[in-house]
Amino acid sequence: MTDPSLFLKNLWYLAFHSSFLKKGKLIGKEMLGEKIVIGRDSTGKVFALRDNCPHRGVPLSSGWFKDDTIQCCYHGWTFNTDGVCQGIPAMAPDATFDPSKIKVFQYPVAEINDTIWIYIPEKKLPSTVPNEPPPNLVLNPDQKFKHVETVMMPADIDHSVIGLIDPAHVTFVHQSWYWRSAKKLKLKEKKFEPTGRGFKMARHAPSSNSKGYGILKGGTSTEITFEIPGNRTEHIQVGKKQIVSITILTPINEKQTELTHIFYTDIALANLLWLPLKRLGKQFIGQDLGVFNKLNEGLKSKPTLSLIGEPDLQARWYFEIKRLWALSKQNNEPFVNPVKAQTLHWVT
Ligand code: FES
Ligand SMILES: [Fe+2]
C-alpha cells in the first residue's frame, strides 16, 4: 500500500510537453498512481479523463478517438471529451435509459507555454474546480518552452525531489572536464527566501567555477526557485534577455518518478547552440539517473538516512513544507511557509 502522505493532492502536475499530444491522439498515463487518459480534440483543446470505462473498467486509452468521441474497445460505449456517455451500442433502440447519466471523472487541464498540466484532486467530485492556480512558469503567454528531455527516475517523489535540490552531489556526479573541476572546490554562500509554496535562492551572479556560464557575457544573474510538488525553476537574466530552465518531477507511482526538463531562451546565440545545450542537459540528467539506479539498489535494504547540516537543509525544508501543506489543506487553513530567509553555506 502506498503511504497516503507520499503524494500531495489538489495540486497541478506536469503530464508532458505539448509536442507529445497531437490532435486526435489518446495517451494513457499513470500519475500519482492514478490512470488517466489524455487527448486533444479537433479544436486543439486538451482534456483528461479517468482511464477506466465506467462499464467494465477497460482503459479508455485502449479505445478509439474519432470526431471528438472516445469509444471503448470492449462494448463500444461512446463518451464526449467531458466524459459524458453518448451511447451504448448494445442497447435496443426503444430502451428508455439515458446514457448521459453516466460520466467518467474529468480532470482539470491547463496548457501553458507548450506544457500540459493536470490538476489531481483528493476527492473525485463531478465538475472539480481547482483551488490552486497552475504553476508560474515565468514566461509570457505567447512564449513556448522547448522540450529537452524526459527520463523515468527509479525512485519515489521524495527521493527524486531531494536529489534535485541537493547541492552537494554536483561535485561528484556532474563533474566533467569542460564544466567544472573537482580540484576547484569553493565555499559557497547562498541567500534563501521563502516563496508561496517553497523557497528560492535569491538572485545572484553565477559561481565563477561553472565555466558554462562564462560564455554568457553582460550582467548575468540567476535565481533558482523550488516549489512543491516538485518544480525547480532556474531563471537566468543576461542583460535584457533571459533563459528559463525548468525541471519538473511528476510522481508516476510509489516506485517511479518522471523527470522532465524544459528550456526557453530569447538569446539568439543560445538558440544557435540549441543542440549542444540539449546534449549537455541530457548528459546531466543521465548522470543523475546513473546515481539514482545505485541509490535504488541501496534503498532496497531500507537503511536509516540522515540529512545533516546546511548542505541538506533544503531537503529538510521540503519535507516540512510538504507536511505543513498537507496539514493546512486537511484543516482548511491557510498554508504558512516554515522557511525563514537565511544564508546557507556549502562547498562545491
Ligand atoms: S468495458 Fe467499456 S464498453 Fe464495456
Ligand atoms: Fe543532479
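The protein splits into domain 1 (11–120) and domain 2 (146–347), with bounds taken from an automatic or database domain assignment. This is a predicted model, so local features need pLDDT of at least 70 and side-chain atom pairs count only at pLDDT 80 or more, while totals for chains, interfaces and linings use all residues. Residues are numbered from 1 along each chain as its sequence is written, and chains are lettered from A and ligands numbered from 1 in the order in which they are written.

The C-alpha centres of the two domains sit 34 Å apart. Where they touch, domain 1 puts in 11 residues and domain 2 puts in 10; contact here takes C-beta atoms, placed from the backbone, within 7 Å. On the domain 1 side, strand 1 (11–17) and strand 2 (26–31) each give at least two residues, and strand 1 has the largest share, 5 residues. Strands are DSSP runs of E, at least two residues, and helices are runs of H or I, at least four, both numbered from the N terminus.

Now for helix 6 (residues 313–330). Just past helix 6, Asn332 adopts a positive phi of about 55 degrees.

Terms used
Contact = placed C-beta atoms within 7 Å.
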